[in-house]
Amino acid sequence: MKKQKRKNLEGNTDLFSMLPRDCLISVFRLLNRKTLNEIELVSKQMGEIVANPVLRRIKMRGSLSLFEYSDSGRSFQFVSGETCLLFTVPHGAEQGRRSSIKEGDIYPFGPFVEPVTPGVATIFPRSIWTNLSELTKRHHAFDSVLLDRILIDNRFIAELFPFLQGGQRSIQFEFNEVLFDDSLEFPKFSKFLLAANPRFLWISRNHQLMPRNTAAFLSIFDEKFLTAFAANCANESPSFGLEIFCGMDRIPFHWTPSREFLPILCRFERFVSASMKLRPEHFLELISMRVETADRTTLQWLFSLTAELKDEHFDSSLDSANYAHMEMYYDDTENDDQHSWFHIQQVGTPKACRFYQFFHARTREFMVEIEFFEKEMFELEFNARGMVEQEKRRKIQEETKVDFFSQLPRDCHISVFRLLNRKTFNELECVSKQMGESFALITETSHAIQFLCDDWGARYGVRCGEQRGHWSHCAIRSESQMPLVLSNVAQLTPGGAKPMPAAIWTALARLFKQHEFDHVYLERIRINAQFLDEFRPFLTGPKHVELVISEVFIDESVNMSKFSEFLLSANLRYLRISRGRQALPSDMAGFLGIFEETFLTAFAAKCIDESPSFVLGIFSGMNVIPYHWIASRDFIPVLSRFVRFSSESMKIHPEDFLELILIRLETAIDYTLFDTTRSYANEYDDFEEDEEEEEVEIWKQIQKNGTSRSCKFNRYVDTNTNELMVELEFSGEGESIYFR
Amino acid sequence: MVLITLVSSDEQNFPVERELLKQSGTIETLIVNMNLDDEDTDAAAMPIPLPNVKGDVLEKVIQWMEHHKGDPVKEGDNEDNNAEIVVPQWDDDFFKPAMYGSKHLELTVAASYLDIKNLLTLSCKAISNTFKGKTGPQIREEWGVPNEFTPEEEEAIRKENEWSE
């Protein structure tokens, strides 16, 4: 490369001036905004060319989002490649402040509060539109527009509309948790949506707040609308989503597509709308149509059916010479969950479709969720419906159920909710007001912070907030292209882990100063010596913290004793370390060597008032456990204090194992009424449970006579490591001790 | 095999297989206009003059067309301006010796004049790749462009871009 450069410099000629303008435009149109900015500085001729409308559009192309956060105000944000601009008008003000967010800067990146509510939501001030206009006055082309937690009324769409016109490309248009004002004129809104020319239109809402006339709102998105919407996307696959049905007891508007609509629906890459009800026979026609024409394999479709899909539909609507199909029925009577999985494969090709049909208990609708893919199947027994016999299939109960759950005291609700994940939280929150109030109690007591590094290049996010529902996000700007919305469920892979940028520490210090966190999650980040030094002060507060370290990369440079010191210096009551196989350190024995008796004794000693928990979940898939240590007799009383303990590198003598059970039964604080003055020898029955089952697992139970206190344990040989393992559970506590 | 003769600006003759010339919109139009496809026309006796292309450049163009014989015309395959610009290995090797020199630019001009879309696209990609990650002054230095800006002017442009971005 150097040689070539030198050759040119010898000539000392401005070679570019020989290229015609059209050629230069052809070259420059391949460049991104950042490079075009640099090109502008090369020469005046180049600067003039960059001013060409086509290139200006590239410079201005990006993602626009308009949102309202309760603590900062109303904003628009424009993101294009490495550029991120933010204009914010604080609440109560008319004028705002604009800022350019550069690499390494930290800025709000998500909702800080619950979704906007009537009376709280405010209209966007004039200065927002003026500044947006200033930003886009030369040329613009938005790839995507996100409206997030704002009030949508007639005035808003009238103000926004001019900014959505003029782009040559169709846009991705998303409404997230917006509040549709009751004054919104739906025909106008419908026209606005179509005129914006989106190829991707998604309206999502997790909460029940909808326009007063929800049925009329839903009726916008009928066959006529979707036909026009798809027609606008002549050269692209359209996507449409109406995810607003969470918490609804019934879907207030339905429409049944005509047969003529099937080829149109077939073109959609993603389609989610529970208000569309398809006839089962049309559904199967649609599936075969899509399987035959699909050029893309990943799709997401979800909609309702007018009736349950049954065998006769397959017999009458699916050409068995061309399609093989199979049904797997899942019936979990205990959890009242029944659904069917179907697999349809075009004979002799890898083209396939998989969908599952379920009965949505709340809305009492049959729904299907479908995905298409290409995969050569094994010699499956197609057309052999009923891998689980049809006779076992239970009729879905139609009768009204009694609301037992609401009758439970609030404490019980909280106890139950604490065990659930966030997705389930979001669902349950919509069930009733009473549950919503119980959630609020959890919110008050549970704060968590999470650091993660995702795979979209060097980008870090901080989440802070309540343990349930919405987390607030702060993103660190980086050079890489950033998606408009950071998905809570984005698939993270470890490839992007890089050292923490310096800017994050300031933000962390502020966050830890403002909040008292109960839970700290470190996810998919790189831990090096600097990280340990910087992070240590955050974990040494007066409050015990639950620390979860998951899929992190422990840098080879980190001294294991330093890592051990870091953990012990923290004020922890719960420590869980889990790692994927790909992220294991090369010196596994050294790493496991940290977590032995000395460490655990010191760890437990720091939890004087609370029971400690320790989980080392890194052994999955290992054929050999590279480090073992044997617990001494002195360690048994310490171990008995743990409410949860899991480590496959700890070995325990059988006699000490029984000692552990007895100590635990004796001392567990939940069972203080237990009479400890009598000898164990005659009082414990040892009996086998579940042996009549054909399960490999055999659980034994030791029960204290005359009490409900017991210990259940399971001995088994790990098939990977060939080690004898034991898993224990003490009754009533819902916690397990897990060791070998 | 029908051969058609192309004549460069410096009067060099290049007999080229008819099929290859379908890649060039300009030559294709000339062939149609001159009825060279007619069985009655003696194509060999009617050379096509290309006054805007020098012999050494035309030779490179023909070499490229020979390699890409039968390739479909690709258009608009780079929607994402932030994505990596990919030039296939053979073409990369083809452009490399002339990179940063007038030959590469002449080849680009010829591709544009002859309306060979794939060559123009690839050539532009190869040039644009030389810009990525470089600053204005670096580009200036590498391509021998004189600096016309005063430091104040340069600063003003940078400032403008900060918010126009």
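Leaving aside its neighbours within four places in sequence, which residues is V145(A) in contact with? Keep that question in mind as you load the model, which is predicted.

**Stop 1: chain A as a whole**

Colour chain A by secondary structure. It has 23 helices and 34 strands. Now colour by burial. Of the 740 residues in chain A, 33% are buried. Contacts come next. Take those in chain A with a separation of 6 or more: 71% of them join residues 24 or more positions apart.

**Stop 2: the cores**

Select V145(A), L147(A), I152(A) and F283(A). These residues have the most contacts inside the largest nonpolar core, a set of 76 residues. Centre on V145(A) and answer the opening question. Beyond its sequence neighbours within four places, V145(A) is in contact with L64(A), L164(A), I171(A) and F173(A).

Then select I58(A), L21(B), V57(B) and A126(B). They are among the members of a second, separate core, which has 50 residues. Its listed members come from chain A and chain B.

**Stop 3: strand β1 of chain B**

Move to chain B and select residues 3-7, strand β1. Show the side chains. In a regular strand, side chains alternate between the two faces of the sheet. Which residues of β1(B) are on the covered face, and which on the uncovered one? I4(B) and L6(B) form the covered face. L3(B), T5(B) and V7(B) form the uncovered face.

β1(B) and β2(B) pair in the antiparallel sense, over 5 bridges. Pick I4(B): its bridge partner in β2(B) is V16(B). Follow the chain through the hairpin, where 5 residues lie between the two strands. Stop at E11(B), which takes a positive phi near 70°.

L6(B) stands opposite I48(B) of β3(B).

**Stop 4: a helix pair in chain B**

Select residues 102-114, helix α4, and residues 117-131, helix α5. Two packed helices are described by the angle between their axes and the distance between the axes. How do the axes of α4(B) and α5(B) cross? They come within 8 Å and cross at roughly 150°. Angles over 145 degrees count as roughly antiparallel, so α4(B) and α5(B) are roughly antiparallel to each other. The crossing of α4(B) past α5(B) is left-handed.

Finish with the side chains at this contact. From α4(B), show H104(B), L107(B), T108(B), A111(B) and S112(B). From α5(B), show L119(B), L120(B), S123(B), C124(B) and I127(B).

Notes:
Residues numbered from 1 in each chain as written. Chains lettered and ligands numbered in written order. Predicted model: local features only at pLDDT ≥ 70, side-chain atom pairs only at ≥ 80, totals over all residues. Helix = DSSP H or I, 4+ residues; strand = E, 2+ residues; numbered from the N terminus. Buried ≥ 20, exposed ≤ 12 C-beta atoms within 10 Å, placed from the backbone. Contact = placed C-beta atoms within 7 Å. Core = buried A, V, L, I, M, F, W, Y, C linked by C-beta atoms within 7 Å. Pairing = 2+ DSSP bridges. Axes fitted to C-alpha atoms, helices over the stretch in contact; angles between N-to-C directions. Parallel < 35°, antiparallel > 145°, perpendicular 65-115°, else oblique. Left-handed = near helix turned anticlockwise from the far one by under 90°.
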